[in-house]
Amino acid sequence: MLAAIAVVTGLAWWDEQREADAALRDLENEQSVLATSLAGTLRANLGILERDARLAGEHGAGILGARYAPALVRSAGAPRASASDPARMLISVPIDGGRLVDLGVLPRDLLDRDQRLGRPGELQVLVAAPHETALRLVDGTVVGTAAVRDALDRGLPALRLAPSDAVDVGLPARTSMVGMAAVDAGELGRWGVASVASAARERDREKRAIWRLILGVFVTSGLVIAFGGTALRRQRKELELQRELAVAEAQRQRDEELGRAERVATMGTFAMGIAHEASTPLAVIVGRAEQLLARLKDDERAERSVQTILTQADRIQNIIRRFLDMARGGPPALERVDPATVVRAATSAVEHRFAKAHVTLAADVPATMPAIQCDRDLLEQAVVNLLLNACEACQAGGRVEVTARADAEQVAFVVTDNGAGISAENASRAKEPFFTTKPHGAGTGLGLAIATEIVKSHRGELSIAPHTDHGTRALIEIPIATGGANARAV
Ligand SMILES: Nc1ncnc2c1ncn2[C@@H]1O[C@H](COP(=O)(O)OP(=O)(O)OP(=O)(O)O)[C@@H](O)[C@H]1O
Ligand SMILES: [Mg+2]
């Protein structure tokens, strides 16, 4: 900022100096013009002087009156008249018959008879007579400015006079500008006239301009510094505020995450508690159903119903046991399974839900596929969760497709639907426990979280993403070599 102020000041200073120089040049030109015009007057008045001298030669000096003092007609060789007044120049004018007329003349009379010449302290007019070495002011005072005399003799049109020389011609001790002109007056010789003007006014104006400049620079710099300081302080405050807001936001996000993790942990504990508590009444149900089965030998329909109760209860017990194992961090119980049986079991488990919702469910599984090492019940549950989500996303008339395919390394289960679709943001959060977009009470937000955990325990991956223009595609990929370190055979 200081550099900028210095540059601006420098430029303003340079401009001011140019202005001052131009003003001095103008003054110099004015003086040249004035000197030229005075030279014209001087030439005319010298002509009148010659005519008056001739008149005096014819009729005697008395005819000139008191205008020239002294005025004397003499023959060449006769002694020259002596000047009674030192202010007057004694000019000897040759006339016919070898005679001379001596005339005492005030310089003012040769320049301006109305005596308007000169402005005290500002402008002086000087006359250089050929018979005098010094110059005279218009009132006749002799002044010794050798510089002006020398310039006149050399025929220069103008001159810049130093302050000390200006004092000699009765001007203030400031630079002065001189304009000069020569007059060739024939027998009266070569005369000169000079107009000397003090540049005090220009110099004062320049001084005032420089003070104005300094003041302006100080005031402007002060204002710039004051405003700049305020702006900087305000900017710093804003930055501090932004930093505080960012810290508060980071803290809020961390608190939110901690809260979510805490909720997940609490719900996990609850889920384990529920699973644990449910196993006791389930054991009672299984026990009673077995007793009932023994007594229903003659009623085939009732026998089949009780058998179904036993199968489903067994399935529940099995899943609860595996969930508890998983929650404890244990590996899944692996067996060799044909992927087609997983798809079949999952579709048959959800068939009634699709029928109720009037959504078509189509399964497409190749006739032969490599078997995978997996926990059949858990993997089936994971596919069931995907199918239920797909069904719930569709309106009546919708369609869901489940396929299985395999390559050398992995088996993939793909569930696609033409339902409501999923936004990129929801897709990125869908696997979080308790994330649901369903109305309160309609969904727990655990379906995908559980499926993810199941797939992870098989070293696989679950992903969910938008599918074509609308609809969603959920994908489970399980490596065929799953029966590795993480697996336990059953
Ligand atoms: N096929 C799908 N189409 C559109 N959105 C889906 C689909 N599958 C999952 N989602 C979104 O992911 C969210 C989480 O699914 P998740 O299965 O974990 O919970 P939920 O289905 O909401 O609840 P619950 O499984 O207990 O019924 C859903 O609420 C839904 O917003
Ligand atoms: Mg769900």
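Just after helix H10, Arg459 takes a positive phi of about 60 degrees. Welcome to a predicted model, in which local features need pLDDT of at least 70, side-chain atom pairs count only at pLDDT 80 or more, and totals for chains, interfaces and linings use all residues. Residues are numbered from 1 along each chain as its sequence is written, while chains are lettered from A and ligands numbered from 1 in the order in which they are written.

Helices (H or I, at least four residues) and strands (E, at least two) are DSSP runs, numbered from the N terminus. Let us stay with H10 for a moment. Eight of its eleven residues are buried, so H10 is largely enclosed by the rest of the structure. Buried here means that 20 or more other C-beta atoms, placed from the backbone, lie within 10 Å of the residue's own. Among the buried residues of H10 are Gly447, Leu448, Ile454 and Val455.

H10 also leads us to the ligand. Both H8 (376–393) and H10 (447–457) supply at least two residues of the shell around ligand 1, and H8 gives the most, with four. Of the 23 residues around ligand 1, Asn389, Ala393, Thr436, Gly443 and Gly447 come nearest; a residue is near if its C-beta atom, placed from the backbone, lies within 6 Å of the molecule. By class, this shell has ten nonpolar, eleven polar and two charged residues, with Gly counted among the polar ones.

Now for the sheet. Six strands form an open, antiparallel sheet in the order E6-E5-E4-E9-E8-E7, where two strands pair if DSSP finds at least two bridges between them. E6 (142–143) and E7 (158–161) are the edge strands, each pairing on one side only. Two bridges join E4 (residues 123–128) to E5 (residues 135–137), and Leu126 stands opposite Leu137 in E5. H1 lies across E4, E7, E8 (176–184) and E9 (190–198), running at about 30 degrees to E8; axes are lines fitted to C-alpha atoms, for helices over the stretch in contact, and angles run from 0 to 180 degrees between N-to-C directions.

Finally, two nonpolar cores, each a set of buried Ala, Val, Leu, Ile, Met, Phe, Trp, Tyr and Cys residues joined through C-beta atoms within 7 Å:

| Core | Size | Residues include |
|---|---|---|
| Largest | 53 residues | Leu38, Leu42, Leu126, Val193 |
| Another, apart from it | 39 residues | Cys374, Cys394, Val415, Ile422 |

Leaving aside neighbours within four places in sequence, Leu42 is in contact (C-beta atoms, placed from the backbone, within 7 Å) with Leu110, Leu111, Val183, Trp191 and Val193.

Notes: A residue is buried if 20 or more other C-beta atoms lie within 10 Å of its own, exposed if 12 or fewer, and partly exposed in between; C-beta atoms are placed from the backbone. Two residues are in contact if their C-beta atoms, placed from the backbone, lie within 7 Å.
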